[in-house]
Structure formats: C-alpha cells, structure tokens
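User: I've got a model open on my screen and I'd like to talk through a few spots in it. Can you take a look with me?

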Amino acid sequence: MAIEPDPHLSMVRPVTPRSPEGCEECLRLGSPWVHLRLCLTCGHVGCCDSSPLKHARAHAYAEQHPIVQPLEPGETWRWCYAHEAMA
C-alpha cells in the first residue's frame with residue numbers, strides 16, 4: 001500500500017518569516033505564545049496549538065494555507081492543518 005503525498009504540498013512556496021521575532025497577532029496583542037509556526041504559503045508567523053490563542057491554526061483556516069513548519073532552529077517537520085497530519 002503506497003502512501004500518497006499530501007495534496008496541499010503544492011501550496012508550499014519559498015517564504016521568509018514576516019515576523020521572525022514572534023507570532024504576528026500575539027505581538028500586536030501583547031499575548032504570550034509557546035512555539036511558533038511558519039506558514040509555508042505566505043510566511044505568516046503564528047503561535048502553535050499549545051499557545052493560548054492558536055494563531056497559526058486560525059491563519060491556516062482563514063487563509064486556506066494549511067501547511068506549516070516550526071520556526072524553531074533544527075526542526076524540519078511539516079504539518080497540514082487540513083488533514084491533521086504530518087505533511
């Protein structure tokens with residue numbers, strides 16, 4: 001049984017983090033975050049699901065940009081919010 005690649009991977013683009021210093025929305029609100037996620041379609045930086053406001057997930061659904069990766073150095077995995085699975 002072959003595993004098919006996530007169809008959302010076609011949305012991945014070369015991106016630069018728009019706010020490498022932290023979650024875009026949390027910085028505006030003065031809210032804390034736990035980990036940062038980089039949208040691989042547009043470069044949005046949002047906070048992870050362990051953070052109080054879950055901005056990365058909100059961005060994925062609002063903009064239909066489902067693929068993210070951690071912004072932490074040395075972490076290279078990718079997550080698809082649409083499929084709730086590694087991409």
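User: Is Q64 buried or exposed?

Analyst: Quick heads-up first: this is a predicted model, where local features need pLDDT of at least 70, side-chain atom pairs count only at pLDDT 80 or more, and totals for chains, interfaces and linings use all residues. Residues are numbered from 1 along each chain as its sequence is written, and side-chain values use heavy atoms, with hydrogens and water left out. Q64 sits in the loop between α2 (55-63) and β3 (67-70); helices (H or I, at least four residues) and strands (E, at least two) are DSSP runs, numbered from the N terminus. By relative accessible area, with a 1.4 Å probe and protein chains only, buried is under 20%, exposed is over 50% and partly exposed is in between, so with 61% Q64 is exposed.

User: What is the phi of E84?

Analyst: E84 is in the loop between β4 (79-80) and β5 (85-86), and it's partly exposed at 38% relative accessibility. Most residues other than glycine have a negative phi. E84 isn't a glycine, yet its phi is positive, at about 50°.

User: Which residues is C26 in contact with, leaving aside its neighbours within four places in sequence?

Analyst: C26 belongs to helix α1 (residues 24-29) and is buried, at 1% relative accessible area. Contact here means heavy atoms within 4.5 Å. With those neighbours set aside, the partners of C26 are S31, P32, W33, C47 and H55.

User: What separates the C-alpha atoms of C26 and H55?

Analyst: H55 is among the contacts of C26. The two residues are 29 residues apart along the chain, and their C-alpha atoms are separated by 8.0 Å.
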